[in-house]
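Let's take a walk through this model together, one piece at a time. Please have the sequence and the 3D view open as you read.

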Amino acid sequence: MSAVLDVVLSSAFLAAVLRIATPYLLAAFGGLVAERAGISNIALEGQMLAAACMGALVAGYSGSVALGALCGVALAVLLGLLLAALRLELGADAIIAGIGLNLLASGGTAYAVYTLLDDKGGTSGLKSGSLPTVTLPGVESIPLVGDVLSGQNMITWLAFLAAPLVAWLFYRTRFGFHLRAVGETPDAAESVGIPVRRVQYTGLALSGALAGAAGVFLSMGYVSFFVRDMTAGRGFIALAAVFLGGLRPWGVFLAALGFGAAEALAVQLGTLDVPPQLVSTIPYAMTLVALALYAWRRKRRGLAGGVAASL
Amino acid sequence: MNESGNGPGNRPRGEAAGVDGSVAVAACAVTKTYANGVRAVRGVDLEVPPGEIRAVVGENGAGKSTLMKMFYGLEQPTSGEIIVGGRSRTLRGPASAIALGVGMVHQNLMLVPSFTVAQNVVLGVEPGRRGLVDARAAVETTARLAAESGLAVDPKARVDEVSVGMRQRTEILKALHRKARVLILDEPTAVLTPQETEDLFAAVRRLRDGGMTVLFISHKLREVREISDKVSVMRAGSLVGTVATADATERSLAAMMVGRDLSLDVGRTPARPTEVTLRVRDLAYEAATGQSLSEIAFDVAAGEVVGVAGIEGNGQSELAEILAGLRRPTVGSIRVGGTDTAGLDVAGHRRAGIGYVPEDRLHNGAALDESIADNLVVDRHDRPPLARRGVLHPRAVRAHAERLIDEYAIRTPDPSVPVRSLSGGNMQKVIVARELSAGPRLLIASQVTRGVDIGAMRFMYERLVAARDAGAAVLLISADLTELLALSDRLLVLKDGRLVGRFDDTAALTEKHVGLYMLGVEHHDREQLVAGLDDAGEAPAA
């Protein structure tokens, strides 16, 4: 047991938590923005995967990591807009359309990689590189904190900045007001002249961009190549974090960080004398526990919610 | 009250109002035909001068809502012209109506529940620079508008935590913030308590005196008489006429609305109550949210209508839902015709012979997207004659529906039409038909006539009295005192979850007198409340 504690309290572990939580945080904020705009973005998983693949391929062929990341994020934005169009123009169910986009991303990336590189597994044969790391001057000398923060990927920094940024966007800006109004009561928003569809398209594009950043991090930060289906359900876990966090920026931040910590723990325990099968279930078990907790909380608030719903 | 010209629309079009400001809004020969061929509005000419409160009344489906939607840009006329501020306008949407100074308070309020009052007031026209919202300016603006107009609100309170009355005031402030000169109020009093209604009327009059033109849509003729300067009556899409309110009576307006003389006096005979059907003793209910109940004890006998009065939110909804089996009482006994129902589930309550017309028909009364026929069988689809060996008999379901549609005069082209497409009155008829045709021993009727037109209202009254005369015990819960006094053989008053009044003879009761009990100014002693009830107070008094 003390071996476990030693691991958990080490700076290496905390650094791993930040790194592993990065895609969860970004994808969860992506999910949050879409959810608050009134369209569930269940396609987070596919957007991440498509961005990861596009990023690695473009970076590998062009030699520019920045161009790769940009193209990856752009593809995820396009998928977000596509989801919005399917929902708003054609009246498709957002969940079904999202599942479709996920399947498209899974199959499409595998097909692209196989066609271009003749490799069914991924782009490990293509040298694509990683996005730069950031070290704040002076931080390294601070004990513990220095070890945890220094050398983190720029996207990790971005992920942690996203929480205050999204909170600011939601509660301080006109766009955030409109987004929340549109998501909650589209009729009310429309009746005061807010362009409901335009706000929803913008929200879904932003959602896609955040999921895209998460995806780019996977193939150009976490590792430096694309592997088939490398998102491994992170988009869905991020979606769980959106609801567990009560659809609020800081709640979602904590929930996503918790999922990141659980996975980091699983990775670290794998090096110890704990059955690996058990260890690898930790993130998923935590997801289930978290969702049960969320449902329980919601049930308790159900009566109060009923009053609000009858408005 | 108002000297501005109001001759019939004989001015040349488009010049209706000049600098003399004789017309704030007008419709000239406006017709609206929907894509499905329904002609909702037929050749309506309507002129409203500035600074007038104009009531527009008519039954459901008379076209008044459609006409208002055209003034607010939500619908466009098929032919004819909408005139705002002296010129013919094409209103492409609410935004263009708002820009011309037309504001509308919808019947189902258009507010964002999780936003504060101030945030709702400024939504869409937020103060602040460079894409940011200045929260303090929003609160200040709202407080200033509230003070100027006399519409009291708490700018920082969340809308889902304030009263319906404050929500409505928020809606009006929204319109004022957008500099509305014409305010359309669509059935604004439907959800208000008498006190809130009075406050609203005072504020509306102040706005009128400040030059605001108010279009007031309502079913409630008493309120129309109280608030309006003139009344325009619509029937079947046409404008029947406009009269000065001072020259109109409720009766004459009702006759104009339905095209014949129609009174709401159902002329019921004295009740002949027999044995006690509903027996409630020492009932208490601990509510997590909403109103708790305590020390409730009363009887309802077969063959009588017992009314429950009270300002909304004083426990009526909770009481109705407990009796219908939707909530469990914390303590107390409830017997319906000898069955102890306190521990039963909803199906058990139904088997005990309880019929229930819920107050919120849209949420709890019917499955809106399902057909009339299906809605009429939901409580009896699992047994003959509608089903045999667990398999539904479509022809029997249809025949059953056709019979009830005929019997209850439900206006629909076909039983397969989804309930959602019906008007409020017809929707309610479907629910009442289902509940009454089951032949209940006890009928709990909550806000049966809310939002239904006068014809349907009278129909409901007749049906309730007929059910009573057939031997049902009827518990009538209503926010409408006139209705309670017209129908109840006995009357109970709820305040803060307790019974505070019991009137065994309603013949000489006045609304004012009952109002004193509703407000808590007067109350009956416990002895009076439980007089004649067997075993009352068997549990130790809490």
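This is a predicted model: local features need pLDDT of at least 70, side-chain atom pairs count only at pLDDT 80 or more; totals for chains, interfaces and linings use all residues.

Residues are numbered from 1 along each chain as its sequence is written, and chains are lettered from A and ligands numbered from 1 in the order in which they are written.

Start in chain A with helix 3 (residues 44-62) and helix 4 (residues 65-88), whose axes come within 7 Å and cross at roughly 150°. Helices here are DSSP runs of H or I with at least four residues, strands are runs of E with at least two, and both are numbered from the N terminus. Axes are lines fitted to C-alpha atoms, for helices over the stretch in contact, and angles run from 0 to 180 degrees between N-to-C directions. Helix 3 and helix 4 of chain A are therefore roughly antiparallel to each other (angles over 145 degrees count as such). Among the residues making this contact are A:Gly46, A:Ala50 and A:Ser62 of helix 3 and A:Val65, A:Cys71 and A:Gly80 of helix 4; residues are in contact if their C-beta atoms, placed from the backbone, lie within 7 Å.

Next, look at where the two chains meet. Chain A gives 20 residues to the contact and chain B gives 21 residues. On the side of chain A that touches chain B, helix 8 (174-184), helix 9 (186-191) and helix 14 (282-309) each give two or more residues, and the largest share, 5 residues, comes from helix 8.

Now move to chain B, where the domain assignment (automatic or from a database) gives domain 1 (21-101 + 181-193 + 204-261), domain 2 (110-179) and domain 3 (276-353 + 439-530). The centres of domain 1 and domain 2 of chain B, taken over C-alpha atoms, are 26 Å apart. Between them, 8 residues of domain 1 are in contact with 9 residues of domain 2.

Finally, find the open sheet of chain B, in which 4 strands are ordered 2-1-4-5 with antiparallel pairing (strands pair if DSSP finds at least two bridges between them). Strand 2 (39-48) and strand 5 (87-89) of chain B are at the edges with a single partner strand each, so one side of each has no neighbour in the sheet. Strand 1 (residues 25-33) of chain B pairs with strand 2 over 6 bridges, and B:Ala27 stands opposite B:Leu46 in strand 2. Helix 1 (residues 64-71) of chain B packs on the sheet, touching strand 1, strand 2 and strand 4 (79-84).

Key
Angles under 35 degrees count as roughly parallel, over 145 as roughly antiparallel, 65 to 115 as roughly perpendicular and the rest as oblique. Two residues are in contact if their C-beta atoms, placed from the backbone, lie within 7 Å.
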